[in-house]
Amino acid sequence: MVSHAPDIRHASRLTLPAGWTPYLAGAGIGVLSWIVFGVVNMPIGITTALSQLAGGVAIPILGADAVASNSYWAKNPFILDYGTVFLGGTLLGAFASALISRRFAFESVPTVWSDRFGPSIAKRYAAAFLGGIVAMFGARLAGGCTSGHGISGGLQLALSSWVFLVVMFASGIAMARLMFRPVQRSSRRMS
Amino acid sequence: MIIIAIGLTLLAFGVLFGFAFGWLLHRGRVTDYNVIVNQFLLRDFTVLKVMLSAIVVGGIGVLLLQRAGLTSYHIKDANLLGVAIGACLFGIGMVVYGYCPGTGLAAIGTGSLHALVGAVGMIVGAVLYALSFDWIQANILPIWALGKVRLPDLTGIPDAAWFLALTIMAIALFAVIEHRSRTGSQRSDAR
């Protein structure tokens, strides 16, 4: 379980870099956007590259021909490019930050989940897996995720991205209400 | 030779920018499942603070760069039916997974094993999308397709006014959130 910062404000004073407030981190992502737009002339995004990787994963399962002839993977081929290495960088950056701030910790069942659904690892993994499928399918259908649409598209004032932001938050809030509504002792089925 | 050098430089930038992105996501605490789910339960507004700060700061800078001819906009198509359904699915999936694609990858770096399981789900979701792409392209994407529209084009309200309004809105919202977390419910950081 992640054992950090019960109170962010105190943490930010005590452990210098570990407690950057969300505002500073957000502004930092904004400044990073300037640099990324300026240097490589591309917006920050995740799921296009993740689709490219999925094409690579699909080759041994569906066969190379099926992947090669797929119209979506023809547009988003499985290659090592700027976008796909960006994914590795994102993982590494968070890893480095967690190590340096001593907040690296293995976690299988987070507290908000276990408070509601109990300590079962299998249950949490099943939900994470299914949620990942739905989130990714939705992101590709919408044309982007919280990074590509939400932040990069939002900051470009794209109509599609603002529609995405509003619908995504509304749907997420409704889903969270449904899933985490208070229940009596008798544990009910999830979702 | 030159082409290879440019390619390698681009890859290096991909790792570097991805690294910075992952670092900032962790610093902003949005690699934490509890923080994300509590946002959708309206108990913790970290996600909104990060995203709005990034949009306002990033948007103003990218606008200036674009006006100076140093970058160009990359607007996603407003296939509004696809965006609406996709965003709806995304909100549901994000709450069940507990991460979005970018924060999920970053969370793997911080030791979240369920984020890793969900990332496998995301790959499956991407495969399913690629397999259904032809049908979706024929039947969903053309509906309410407005093209690469920006809010200033759609409304006739200039960029500067949008960002002024967004900045004021963000500051007012942040003030309300901070005020409420200081006075009202002390369990705003409840996990």
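## The interface of chains A and B

**Exercise 1.** Determine how many residues of each chain take part in the contact.

*Solution.* The contact involves 122 residues from chain A and 116 residues from chain B, where contact means heavy atoms within 4.5 Å. The model is predicted: local features need pLDDT of at least 70, side-chain atom pairs count only at pLDDT 80 or more, and totals for chains, interfaces and linings use all residues. Residues are numbered from 1 along each chain as its sequence is written, and side-chain values use heavy atoms, with hydrogens and water left out.

**Exercise 2.** State the area buried between chain B and chain A.

*Solution.* The size of an interface is often given as the accessible area lost when the parts come together. Here about 10600 Å² is buried, with 75% given by carbon and sulfur atoms; this is the accessible area (1.4 Å probe) that two parts lose on being put together, summed over both.

**Exercise 3.** Which helix of chain B gives the most residues to the side that touches chain A, and how do the residues of that side divide?

*Solution.* First, the helices (DSSP runs of H or I, at least four residues) that each supply at least two residues include α1 (2–27), α3 (46–67) and α6 (113–139) of chain B. Next, α6(B) gives the most, with 20 residues. Finally, this side of chain B divides into 73 nonpolar, 31 polar and 12 charged residues; Asp, Glu, Lys and Arg count as charged.

Key
Chains are lettered from A and ligands numbered from 1 in the order in which they are written.
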